[in-house]
Amino acid sequence: MTNNQQELLIPTHLNVNLLRFPYNVDKSPRFSWWDHSNISNSQQTAYQVVISKRLHQLANQEYIFDTGWVQSSENTGVAIPQIERVLDAGELYYWQVRIKDNFNNISDFSQPEKFISTDKPQVEPIHGIWADRGPKSDNELPKLGNVVFIRSPRFDLNLVDVDTAVITAFSRGNEPLFIQGFDLLVNGTNVGVGSAHRQVHYQGTDKTGIYYNKYDVTEELINGENVISVMATAKSNRKAFWCKLEVYLEKHNNRAFKRRDPSDATK
């Protein structure tokens, strides 16, 4: 018999593919959580996972996927059958889980966590610029042709409409130096550096894998005008930098901002 001090606590440490907020979830995600209880000899015997596209929909029980009660003691790397049919490319999702124990106690739902499914492959052409090597005046730094400063056009946002904002970015060209390739700033605040180092013989082939980084910049956005800026450097002849901001709106659609036009870049 239980008393007020004995209860089945909500699950914590929610992860998808062992990450708290994964940005590149494929069609077969694996869900994990910790179960807790103040009840002696209590063990999880079932779980229920629910998924929505936005936080307010999760609170209103407007689910796009509900497993119902699944009889299982598993709580690590849990595969959910048929979930692939509801996951759209590049979309934001929120999820929660609750559990039942061997005494038939039921926990409350966990705090929500979010994940983003894998983007669609980039197929359209990308046009870029880079600083040219050239002579310098007495008061200038050397023009080595290995640096570029890029500033986006200013764009307006109403934060009431914004759920989550994520920047995807990658660079290449600094492999000979084994150092970072860029500094990324949103409204003057440095949000990260990159890019992850390349991988030769990618998946056993003769190709080279170029990895990208993702940055959650929701907290760096402001009401009204916003701007993204980057200082990128490179040493090798194969210089490249690319970034995209995706803003996921409360009405579960999203806007993508990509930098291509070189007219607002400083060499």
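A residue counts as buried under 20% relative accessible area, as exposed over 50% and as partly exposed in between, with a 1.4 Å probe and protein chains only as cover. By that criterion Lys-53 is buried, with a relative accessible area of 16%. The structure is a predicted model, in which local features need pLDDT of at least 70 and side-chain atom pairs count only at pLDDT 80 or more, while totals for chains, interfaces and linings use all residues. Residues are numbered from 1 along each chain as its sequence is written, and side-chain values use heavy atoms, with hydrogens and water left out.

**Overall composition and confidence**

- The chain contains 1 helix and 21 strands; these are DSSP runs (helices H or I, at least four residues; strands E, at least two), numbered from the N terminus.
- Of its 267 residues, 40% count as buried.
- The accessible surface of the chain is about 15400 Å², and carbon and sulfur atoms hold 49% of that area, as given by the Shrake-Rupley method with a 1.4 Å probe.
- Among contacts (heavy atoms within 4.5 Å) with a separation of 6 or more, 70% link residues 24 or more positions apart.
- The mean pLDDT, the predictor's confidence in each residue from 0 to 100, is 83 for the chain, and 82% of the residues reach 70 or more.
- Over residues 259-267 the pLDDT is below 50, and the model gives this stretch 23 contacts beyond near neighbours in sequence.

**Strand pairing**

- Strands are taken to pair if DSSP finds at least two bridges between them; S1 (residues 8-16) and S2 (residues 30-37) do so in the antiparallel sense over 5 bridges.
- Within S2, Trp-34 is the bridge partner of Thr-12.
- S2 also pairs with S6 (residues 78-79), again antiparallel, over 2 bridges, and Arg-30 stands opposite Ala-79 in S6.
- S11 (residues 147-151) runs antiparallel to S18 (residues 228-233), with 5 bridges joining the two; Phe-149 has Met-231 in S18 as its bridge partner.
- In a regular strand the side chains alternate between the two faces of the sheet.
- S11 has a covered face with Val-148 and Ile-150, and an uncovered face with Val-147, Phe-149 and Arg-151.

**Nonpolar cores**

- A nonpolar core is a set of buried Ala, Val, Leu, Ile, Met, Phe, Trp, Tyr and Cys residues joined through side-chain atoms within 4.5 Å.
- The largest such core has 23 residues, of which Ile-167, Phe-182, Leu-184, Val-217, Phe-241 and Leu-245 touch the most other members.
- At least two residues of this core come from each of S11, S12 (155-157), S13 (162-172), S14 (182-186), S18 and S19 (240-249), and S19 supplies the largest share, 5 residues.
- Another core, of 20 residues, lies apart from it and has Val-25, Phe-31, Trp-33 and Val-49 among its members.

- Lys-53 is located in the loop between S3 (44-52) and H1 (55-59).
- The side chains of Lys-53 and Asp-88 are joined by a polar contact of 3.3 Å, a term for a pair of N or O atoms within 3.5 Å; within protein, one must be able to donate a hydrogen and the other to accept it, and residues adjacent in sequence count only if both atoms are side-chain atoms.
- Ile-116, in S8 (residues 113-116), is buried with a relative accessible area of 0%.
- Beyond residues up to four places away in sequence, Ile-116 touches residues including Phe-21, Val-25, Val-166 and Tyr-248.
- Leu-92 is 24 residues from Ile-116 along the chain, and their C-alpha atoms are separated by 4.5 Å.
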